[in-house]
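Subject: Structure handover

Hello,

Here is the structure you asked for. My notes on what was found in it follow below.

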Amino acid sequence: MLPEYAPLAVLLAVAILFPAGGIATSWLLGRLRLRPDHPNPVKNDTYECGVETIGSAWIQFNVRYYYFALLFVIFDIEALFLLPWAVYFRQLQLFGLIEMAIFILILMVGYVYAWKKRALEWT
Amino acid sequence: MVNQWVATLLAGRVPDWFVALITSTLGAVGILGFVLASNVLGVWMERKVLGRFQIRYGPNRVGPVGLLQTLADAIKVLGKEAITPFGVDRWVYWLAPGVAFLPALLTFAVVPFAPGAALADLDIGLLFVSAVGALGVVPIFMAGWSSNNKYSLIGAMRSIAQTVSYEIPLVLSLVGLVLLGGSLRLSALVEYQLQHGWFLLTQPLAFLIFFIAGSAELNRTPTDIMEGESELVAGYHTEYSGFKFSLFYVAEYTHLFAAAAIITVLFLGGWGTGPVLNLAPAVVWFVAKVYLVVFVFMWVRSTLPRLRIDQLMGFCWKFLIPLALLNIFFTALWVYAALSGPVIAVLNLLLAVALVVLWTQLLAGEEAGSPVPYVARPGG
């Protein structure tokens, strides 16, 4: 692999070890009876301290969330195209400016359409 | 720094890959140390600052001025019973708190603390930051969905809608910086700022957008609808207790410090100090700026009330995104015209004020003519 990215792997390992170590310590303390561990059916109920829940939480969910997910995909890809363009803008000069203006304009058509269709409203 | 000293000490005596392994381990452990120390200090600082803003003392019993309060809390939380409710998706439920910490810590990998003192100064540093930062939404959804609790699920769904939306202005606001700086490498961007002026001055609108969007990505109070205590109990971590619960807190504060470090690097000139105040070493200046940004985040938190979800989404899609795109367009124009730093700063400041005022007027007009008032509905 590229040597530049090797330190990232080490940091990733550290980032995995820290929470794993913490959870293991907590578990070990439970085993050594240094922290309480007395599960019972009432305590382990979903939302134990409040009203009894009815049914599972894994249900169909409001569709509005998916509109925004779809719009996000479009705009995020656009942002990805903008980054390399920005890096090389000084070489591209006028060509780059016009090219990106056209690209954004096409995107804006869809954006205005979504706005007019009230897809950006949360109602 | 320490790493280079170790590297020169070991060079020639052991194979190269071993030197690389040692230095990167040292760097990674150093970052973890910085993050954990910042967590302890940050939680204390947040409680103290909030206390002061609300005209009370905040923690002042454990240790001098309450400094050891966080450590006491950490020990307490380790001694708490770890409850796993019935009906949770066990694998995901146990993984989520661990995963929450990963993206927050990984952001620090590319942050240059001082000249040449980044763990991995990638040439795609900025892209890495936004990619890893966006991963923060995954553990929140894992936690909310696996808990099998409706409050958690609503919190998680809101979190996705919000984080995903604010990701766009966040990335778009950075394009202006890249246009000026001509690189995605974070250290190169800092060097550019030291020569041509901080991006805070040359890109004020981008700073505003990045700060607001960053605050939304962090789930902090003006925008913390995914855990709004007054509606959702505790949002996505309602069903968590003991150490797993505290890991979410650690992740949140690590994210906060990561965002502050990124803002420092991108807008406040990183380790740079300006011409006069070159008294302390670069890394001290860097850390001081990070804590200053963290303080501003706390200030915002104690000042502004929580937004409703329709306000939050509308603000992102109708205000921040078009403004970010216009900012890119005008910055490209200035770069094409080869204007100098101070001229760009003045032009962009005027532009920022004009755009914010004009766009507010535009949206106010639309709001007045809107036929459908906001109605709260279940699942919202």
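**A salt bridge in chain B**

B:E46 and B:R301 form a salt bridge, with 3.3 Å between the closest N and O atoms. Please keep in mind that this is a predicted model. Over all chains, the search of the whole structure finds two salt bridges.

Chain B is assigned two ranges, domain 1 (1-79) and domain 2 (82-364). How far apart do the C-alpha centres of domain 1 and domain 2 of chain B lie? The distance between these centres is 21 Å. The contact between the domains involves 21 residues of domain 1 of chain B and 25 residues of domain 2 of chain B. Together, domain 1 and domain 2 of chain B bury about 2,100 Å², and 81% of that area comes from carbon and sulfur atoms. On the domain 1 side, B:I31, B:F34 and B:E46 supply 27% of the area buried against domain 2 of chain B, which is more than any other three residues.

**The contact between the chains**

Next, chain A against chain B. The contact takes 65 residues from chain A and 91 residues from chain B. The two chains bury about 6,900 Å² between them, with 74% of it on carbon and sulfur atoms. How many salt bridges are counted between chain A and chain B? The count is zero.

**The largest pocket**

The volume of the largest pocket is about 980 Å³. It is lined by 38 residues, and those closest to its centre are B:V43, B:T70, B:D73, B:S246 and B:Y249. Which helices of chain B each supply at least two residues of this lining? They include α2 (16-53), α3 (69-78) and α12 (242-267). Both domains of chain B take part as well, since the lining draws at least three residues from each of domain 1 (1-79) and domain 2 (82-364). By class, the lining of the largest pocket has 16 nonpolar, eight polar and 14 charged residues.

**The largest cavity**

The structure holds one cavity of 30 Å³ or more. About 450 Å³ of space lies in the largest cavity. Its lining has 29 residues, and B:G133, B:E217, B:L218, B:H255 and B:A259 are the closest to its centre. At least two lining residues come from each of these helices of chain B: α4 (90-107), α5 (125-134), α6 (137-146), α7 (150-181), α10 (204-217) and α12. The largest share, eight residues, is supplied by α12(B). The lining of the largest cavity divides into 18 nonpolar, eight polar and three charged residues.

Helix α12 of chain B is worth a look on screen, as α12 supplies residues to the lining of the largest pocket and to the lining of the largest cavity.

Regards

Definitions and conventions: Residues are numbered from 1 along each chain as its sequence is written. Chains are lettered from A and ligands numbered from 1 in the order in which they are written. This is a predicted model: local features need pLDDT of at least 70, side-chain atom pairs count only at pLDDT 80 or more; totals for chains, interfaces and linings use all residues. Side-chain values use heavy atoms; hydrogens and water are left out. On a 1 Å grid over the protein atoms alone, a cavity is a set of points where a 1.4 Å probe fits but cannot get out, and a pocket is an open set with protein on both sides within 12 Å along at least five of seven lines; lining residues have an atom within 4 Å of a point. Grid points are joined across faces, edges and corners, and a volume is the space filled by probe spheres set on the points. Helices (H or I, at least four residues) and strands (E, at least two) are DSSP runs, numbered from the N terminus. Ala, Val, Leu, Ile, Met, Phe, Trp, Tyr, Cys and Pro count as nonpolar, Asp, Glu, Lys and Arg as charged, and the others, Gly among them, as polar. Contact means heavy atoms within 4.5 Å. Buried area is the accessible area (1.4 Å probe) that two parts lose on being put together, summed over both. A salt bridge is a side-chain nitrogen of Lys or Arg within 4 Å of a carboxyl oxygen of Asp or Glu.
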